[in-house]
Amino acid sequence: MRLLLVVLLTLVGSTPALAQNSVFGVHGIGFPGRPISARAGSTPALAQNSVFGVHGIGFPGRPISARARALGGGTALFDARSAVNPATVASIGPLLVTASSGTSLRNFTALDTVVTGLSETRFPYAFAGTMVRSTPLSFALSYSSYAERSFDQTTTDSVTIRGERLGVVDQLISSGAVTDLRAAIGWRLIPRVNVGGAVHLLSGSVRRVANRFFPGSESYYDMEETNKIRLSGLGISAGVLFAPIQQMSIAVSIRSDTELKSSLDALDLGRVDLPISFAGGLFIQAHPSIRLATTAERHLWSSAEADLKAAGGAYAFDTWAIGSGVELGGDSGIPLRLGTRYAELPFSPSLEQATEFLVSAGTAMEFAGGRATLEASVERIMRDGAGAEERAWFLMFALTVIP
């Protein structure tokens, strides 16, 4: 039973420790039955996602294209190659395929710990869509990250074993993510009105390694425990895209996810309730070469708190996010894209909710007579709250091909 509790705790959140030195500490849970005290320090290592992804189910992903990222997410509800509003799928014509890569560079401070030089490269988003011949329908498949849960933390500590005080080093390594596989259908209902619906399959795994070392002691062996936890869930979404006049569009969408189930081999470890989400946006073609867009999102993550707290995990908050952007040019030549975004983060080890602010830019180039497009975006990200601050760059490159 102790092993099962350990696994569940490390999946859904970290237990705030007594006399805790780091607000992001997840220490002493890998080896039950050993009294731990006099916490001496915490040093996150150089192989992790955002420091704000340690708690809850991880750091939420953004299922949007490089163009939408460059525009601060402002076009997320209007971009056919983003997986937010399934109604946009209705505007897809011939088959198109998009693949992307993303690189992040991060520094953070958590209480008295300063870490610099963190970096990683992933393939965060892929998309394919086409119209259904002789019908007003189009179909699309996409792959994106729902939540990232990768980090590496090391703690120095001391324990009492058989009356003897020993120094120990605990290391907790988490590697994995929850992915979102979406199948969407868009319908050109009437002129100027598109509707759509989608099914989301959530799946993934988290590999957890807990190590305990006894430096300077020849009486005790180092210990290691490894578990691979499988994750699964379902969701549905729907949306509407309406253009009351040619120069303006309005969009709304709703998404409801069920529960994130976790299992170890054939053993059910528990479930975390996932949020209902709402989004609305406005797109304006102010000039043939000037486009403006804003998208606002509401995610009801607080529904997860009861499940997280039952396992001694994190606090969960409802969140707002709003992104706006402007695109200059693009009809012929190379566009300039600029954006900004403010968002609240859903998970925290305390009652203080963290926030994120970013500015972004990007551009695109067409090749092969318009049948291939290379897009790039760069984001400068500032995250603060819950005893930590993080500064990051995120660079995304995407290639779209019309075969």
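1. A pocket, on a 1 Å grid over the protein atoms alone, is an open set of points where a 1.4 Å probe fits, with protein on both sides within 12 Å along at least five of seven lines; its lining residues have an atom within 4 Å of a point. The largest pocket here is lined by 38 residues, and Arg67, Phe78, Asp79, Ala80 and Arg81 are those that lie nearest its centre. Its volume is about 980 Å³, where a volume is the space filled by probe spheres set on the points, joined across faces, edges and corners.

2. The model is predicted: local features need pLDDT of at least 70 and side-chain atom pairs count only at pLDDT 80 or more, while totals for chains, interfaces and linings use all residues. Residues are numbered from 1 along each chain as its sequence is written, and side-chain values use heavy atoms, with hydrogens and water left out.

3. By class, the lining of the largest pocket comprises 13 nonpolar, 14 polar and eleven charged residues. Nonpolar here covers Ala, Val, Leu, Ile, Met, Phe, Trp, Tyr, Cys and Pro; charged covers Asp, Glu, Lys and Arg; the others, Gly among them, are polar. At least two lining residues come from each of strand 10 (223–245), strand 14 (276–287), strand 20 (355–367) and strand 21 (372–385). Strands (E, at least two residues) and helices (H or I, at least four) are DSSP runs, numbered from the N terminus.

4. Strand 10, one of the strands that line the pocket, also has several pairing partners; two strands pair if DSSP finds at least two bridges between them. With strand 9 (residues 193–213) the pairing is antiparallel over 20 bridges, and Gly204 has Leu231 of strand 10 as its bridge partner. With strand 11 (residues 248–257) there are nine bridges, again antiparallel; Gly239 stands opposite Ser253 in strand 11, and a hairpin of two residues joins strand 10 to strand 11. Strand 12 (residues 259–264) pairs with strand 10 in the antiparallel sense over three bridges, with Ser232 opposite Lys261.

5. How many aromatic pairs does a search of the whole structure find? There are four. Rings of Phe, Tyr and Trp (its six-membered ring) pair if their centres lie within 6.5 Å; planes under 30 degrees apart are stacked, over 60 edge-to-face, the rest tilted. Trp301 and Phe347 form an edge-to-face pair, because their ring centres are 5.2 Å apart and their planes are at 70°. Trp301 is in the loop between strand 15 (290–299) and helix 3 (305–310) and Phe347 is in strand 19 (residues 347–348), so the pair ties together parts 46 residues apart in sequence. Ring pairs link these two residues and Tyr146 into a cluster. Trp301 is buried at 6% relative accessible area, and Phe347 is buried at 5% (buried is under 20%, exposed over 50%, partly exposed in between, with a 1.4 Å probe and protein chains only).

6. Lys309 lies over the face of Tyr315, 3.2 Å from the ring centre. The criterion is NZ of Lys or CZ of Arg within 6 Å of the ring centre and within 35 degrees of the ring normal.

7. Most residues other than glycine have a negative phi. Ala368 has a positive phi, near 50°, and Ala386 has a positive phi near 55°. Are these residues buried or exposed? Ala368, in the loop between strand 20 and strand 21, is exposed at 57% relative accessibility. Ala386, in the loop between strand 21 and strand 22 (388–401), is buried at 4%.
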